[in-house]
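User: Let's go through this one together, a few spots at a time. Ready when you are.

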Amino acid sequence: QVQLVESGGGSVQAGGSLRLSCAASGVTSGRYVMGWFRQAPGQEREGLASIYMYDARTLYADSVKGRFTISQDNAKKTLFLQMNSLQPEDTAMYYCATFRTYLSPNRLPPASAYNYWGQGTQVTVSS
């Protein structure tokens, strides 16, 4: 059974940085896509970035490209999201998610593609 646990959220001022972590258990091979999403109150869940563990190919949403970086530590089965130049509009609950596939995605997978989710970690950016 795959389990995901996020950490690293918190409060930061505009322009600041945070690094989120997602510890994955039950991921038995590299044939998984891992992704980061966020959801603000009253808004739909937004895909931010994904990484295919097997070839480390990364994909980003335009809204975060150049500011956020997704990475992985395969040995520790941990996913990271480095977030720089944070703005108040980045305030949301952030989630990691994963699904198994033998194909490296060419486009950022939608939320519906993922079948395992973490509980989320809150990020609050003040102006």
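Analyst: Start with Lys-77: leaving aside neighbours within four places in sequence, it is in contact (heavy atoms within 4.5 Å) with Cys-22, Ala-23, Ala-24, Val-27 and Met-53. Before going on, note that this is a predicted model, where local features need pLDDT of at least 70 and side-chain atom pairs count only at pLDDT 80 or more, while totals for chains, interfaces and linings use all residues. Residues are numbered from 1 along each chain as its sequence is written, and side-chain values use heavy atoms, with hydrogens and water left out.

User: Is Lys-77 buried, partly exposed or exposed?

Analyst: Buried means under 20% relative accessible area, exposed over 50%, and partly exposed in between, with a 1.4 Å probe and protein chains only. Lys-77 has 28% relative accessibility, so Lys-77 counts as partly exposed.

User: How far apart are the C-alpha atoms of Lys-77 and Cys-22 in space?

Analyst: Cys-22 is one of the contacts of Lys-77. In sequence the two are 55 residues apart. From C-alpha to C-alpha, the separation is 8.5 Å.

User: Which residues line the largest cavity?

Analyst: A cavity here is a set of points on a 1 Å grid over the protein atoms alone where a 1.4 Å probe fits but cannot get out, and lining residues have an atom within 4 Å of a point. The count comes to one cavity of 30 Å³ or more. Its lining residues are Met-34, Met-53, Gln-72, Asp-73, Asn-74, Lys-77 and Thr-78.

User: Is Thr-98 buried or exposed?

Analyst: Thr-98 lies in strand β9, residues 92-100 (strands are DSSP runs of E, at least two residues, numbered from the N terminus). Its contacts beyond four places in sequence include Val-2, Leu-4 and Tyr-116. Since its relative accessible area is 0%, Thr-98 is buried.

User: Which residue's backbone oxygen lies 2.8 Å from a polar atom of the side chain of Thr-98?

Analyst: Among the contacts of Thr-98 are Tyr-32, Val-33 and Met-34. The backbone oxygen lying 2.8 Å from a polar atom of the Thr-98 side chain belongs to Val-33.

User: In β3, what is the bridge partner of Val-5?

Analyst: β1 (residues 3-7) and β3 (residues 18-25) run antiparallel, joined by five bridges; strands pair if DSSP finds at least two bridges between them. The partner of Val-5 in β3 is Ala-23.

How values were computed
1 Å grid on protein atoms, 1.4 Å probe; cavity = no way out; pocket = protein on both sides within 12 Å on 5 of 7 lines; lining within 4 Å. Points joined across faces, edges and corners; volume = space filled by probe spheres on them. Helix = DSSP H or I, 4+ residues; strand = E, 2+ residues; numbered from the N terminus. Polar contact = N/O pair within 3.5 Å; in protein donor to acceptor, adjacent residues only side chain to side chain.
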